[in-house]
Amino acid sequence: MTGAEAPAPAVPEAPLRPPETVMRLARVGSFHPTRISFTRTLVRRMARENWRISRPLFELDGNGIGTAIYRIDTPASPLWFVAFADHLDPADRTDRVIAEKWDATFTLTARDPMAGEIERLHANIPLQEAGRCSPEELVLSRANKSVRLFEHVADALARGRQPDRAKILDVGYLVRTTAVYGNGKFGLADLGKLRLSGVFELPFQAEMLCVYLVRQFSLDWVEHIAHARAPGTFAPMDDALKRALGVGNATGLGMAPFLVGHPKLIDAWITARETALARVRAATKADAGTVERFRALLSRASDHVRQWPTTDGLQQQRCADLLDQLPLLREAEASLPREGLWDGLVNWAESHVDLEAQELLNSVLIELYPALVDELETRTGSDEIMRLEPTMSLGDLLALIDTHYAWVRDFDFAAEAANARFWYRSAEKEEPRLGWRFKEPGSEKEIRIAVARDVSHLRETLADQYAGMLDATVAEFLMAFPEWRQTVRRVQSLAGLPYAEFRDNLIDAACRPIDLLRCKLSMFGATKFDPKSDLWTRIAMFQGAPLADGLDGEDADDWAFPVLAEGLGS
Amino acid sequence: MSAGADSHVSLAEVLQTSLKALEGTGLPAGIDQDSAENVAWLEARGLGGIAILARELERFGETVAWLPPDMDETRDGVVITSEDASAVLLAPGAVDFALGGAAVTIARCSAPLLIAAEAARRAPAGAGLTVSWGSGRNRSSARCGNGLAVLSLDIRTARQTSDVTIRAGKPPSAKEGQRLAGFHAHSLRDGILADAPAWKTVKEAAARVLVPASAQSRGGAGAEVDDSA
């Protein structure tokens, strides 16, 4: 269901936070996942619809090399997840998109691979970008082992022991995906086909399912290898330990152009998130049980932050500050009036704790009220159609800019620093990169991501050069100056969508792309952000999620702020 | 990989590769987007969008410069003339004027089917646009609106340079639009088998948006640290 088709909310809402508060890089770069993040909504749906996951083929040799197939039975139609595990020379191991070999490659397909498809898939899927998919394949992905953890776990299980707790905490996953492709790339099924299939109507659900199955495969894979090494002493891994393991991911700059290029989708995502928060803030009185749940979640969140490994100095400091500030939130909750407690707490947090703690609080609050917020997951889609209105007068266009894009005037684009960076696609597998405009070649081919600059320049053009001709139409203007077409269409299409634009300058010398990555990754449901620079980050997904055979468990939906419980591991 | 598999493509690939090809050829931002969507619209409906784009790209050469067209208001509407009256360049602006109520004619317009695609994509709900070109037995036309289109093409001349007129018209009924909608559904389901030489031309043009790699540029991707742990 798209946002346009969603029913009007029947529950009270506080006013949504204004975009000038929400859509700043520093704040979206502090987002934590919520219960309407895509990993959570997928797992809930799998449980609600009683999806069944079986493993009709698992032909791996003693070194774990071979083919595995999982079948996913959904009410709409079956799907298959196919994994090809290979030998990877250490010299070929890199998480970069420019890699050409991986430990394992995957596809999610709508056609039974056992019916004569394996050969074709085997000839193409391990090649990834260099291969070709068919419209029956929905997702293409690959992963590398965590060298630190995978070998340790295989060795421990082969010896009949559980893996070392500290090592699990330090990494948190057995494999890391380095790309998850969908939406028609490399011949895959188009998004329109996915929507028509009846299985996937919401964004990124197919990709999330693929990652969930990568996790399942990684757990089966390591046990298979351990068993092959020592069938006599092998011990399977504790289910609770398995559940604590997720899938790692290394994410680079590619997500940033996506966010700018899909503004209506981003508006839908952030609106759903902000609406969830607004509904919770409007809850007039919190009952004792809900307050207890809040305290328990806050405590779990503290444990989660203590188990958040990162080598990044800034993120380490942010985690340390979080641990200092979460108790303050607990104290404030106890001291604030019960009437309008959550609204009062959010207001208190805004002036007493950092953005990390504010946004963690928001995620905790959203977690408290499934009945109020869960239906919002159906509003995370968008038609993404951008419409130009050619009959609009330039005067009206200028007013639109001054009303909805006044924030672009905060930046001085005459200053070199405001134009210092440029985003581009490298000839190396089209990897998105960030260059220094005045030091590197290639800025003439920059990706069009500088919304603030472009709207600012359009405004200058209209206000200065066209001041006497503001009754002319957009059609007349664009016939003379077609270079403004994209910017005009953007302004006209997004004027009524408060969260469509990030209100920062993405080509400024001080821009931190990592904030954009965290925004999108948190919407996916990623945790344990571990920045490796301002340009890329490691994360974990599905840590704490129920295993494939535990989707109907009582705690199957209670995995916010996942924690490795005391006593697990050796 | 089987022979020809490389030209069995998705609609998303058609759109994105066409967009890069047009961006790499120097089309104004936004014109390239509209034109790429027109190419994808035609290709999805079995009307050879990729081949049309490839021909226009070959005609443009490495780059194309925007030459402001002449706009003459006549008794019959607006007439657009340009030194390069390619529909790749002029379709978006011409339909802009048509949506304002004017009858618009592009003189000696190459790739007229792209105009039909632009009109079909943008005709507003409840209203319609009719695109026509050629005359007499060689007349071709497209009636568009409500997200649907019905085409009547003279197969010998429909792709040839011609005067093209866009004017308000009656939108097609659901039944009339069924045939092209069926082609679109088929393309979504099974993908598209693109004309291989034309697809190659488009892909080569798309590569123009790429910046050559260097040691310096690799630093701009991050990940210069050991990431194998």
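Modeller: Start with α2(B) and α3(B), which are oblique to each other. This is a predicted model.

Colleague: Why are α2(B) and α3(B) called oblique?

Modeller: Helix α2 (residues 31-44) of chain B and helix α3 (residues 49-60) of chain B pack at an angle of about 140°. Angles over 145 degrees count as roughly antiparallel and 65 to 115 as roughly perpendicular, with oblique for the rest. The angle of about 140° therefore falls under oblique. The axes of the two helices are 7 Å apart.

Colleague: Which residues of α2(B) and α3(B) meet?

Modeller: From α2(B) come Val39(B), Ala40(B), Trp41(B), Leu42(B) and Glu43(B), and they meet Gly49(B), Ile50(B), Ile52(B) and Leu53(B) of α3(B). By class, this contact has 7 nonpolar, 1 polar and 1 charged residues. Gly counts as polar.

Colleague: What makes α13(A) oblique to α15(A)?

Modeller: Helix α13 (residues 313-335) and helix α15 (residues 355-368), both of chain A, pack at an angle of about 55°, and their axes are 9 Å apart. Under 35 degrees would count as roughly parallel, and roughly perpendicular begins at 65. That leaves oblique as the class for α13(A) and α15(A). The crossing is right-handed.

Colleague: What lies in the contact of α13(A) with α15(A)?

Modeller: Arg318(A), Asp321(A), Leu322(A), Gln325(A), Leu326(A) and Leu329(A) of α13(A) meet Glu356(A), Ala357(A), Leu360(A) and Leu361(A) of α15(A). The classes are 6 nonpolar, 1 polar and 3 charged residues.

Colleague: In chain B there is an open sheet of 7 strands. What makes β2 and β7 of chain B stand at the edges?

Modeller: The strand order is β2-β3-β4-β8-β5-β6-β7, with mixed pairing. β2 (70-74) and β7 (148-152) each have a single partner strand, so one side of each is left without a neighbour in the sheet. From one strand to the next, the twist averages 15°.

Colleague: How do you know that β4 and β8 of chain B are paired?

Modeller: Two strands pair if there are at least two bridges between them. β4 (residues 104-109) and β8 (residues 162-168) of chain B are joined by 4 bridges and run antiparallel. For Val104(B), the bridge partner in β8(B) is Ile166(B). Helix α5 (residues 113-122) of chain B packs on the sheet and touches β4, β5 (129-133), β6 (140-145), β7 and β8 of chain B; the direction of α5 makes about 15° with that of β6(B).

Colleague: Which strands form the sheet that includes β10(B)?

Modeller: The order is β9(A)-β8(A)-β10(B), an open sheet of 3 strands with mixed pairing. β9 of chain A and β10 of chain B are the edge strands, as each pairs on one side only. β8(A) and β10(B) (residues 210-211) pair in the parallel sense over 2 bridges, which meets the cut-off of at least two. Arg425(A) stands opposite Leu210(B).

Colleague: How many residues of chain A are in contact with chain B?

Modeller: 54 residues of chain A are in contact with 43 residues of chain B. The largest share of the chain A side, 4 residues, comes from α19(A). That side divides into 18 nonpolar, 16 polar and 20 charged residues.

Colleague: Where in chain A does pLDDT stay under 50?

Modeller: Over residues 1-7 of chain A. Chain A as a whole averages a pLDDT of 94, and 98% of the residues score at least 70.

Note on methods: Residues are numbered from 1 along each chain as its sequence is written. Chains are lettered from A and ligands numbered from 1 in the order in which they are written. This is a predicted model: local features need pLDDT of at least 70, side-chain atom pairs count only at pLDDT 80 or more; totals for chains, interfaces and linings use all residues. Axes are lines fitted to C-alpha atoms, for helices over the stretch in contact, and angles run from 0 to 180 degrees between N-to-C directions. A crossing is left-handed if the near helix is turned anticlockwise from the far one by less than a right angle, and right-handed if clockwise. Two residues are in contact if their C-beta atoms, placed from the backbone, lie within 7 Å. pLDDT is the predictor's confidence in each residue, from 0 to 100.
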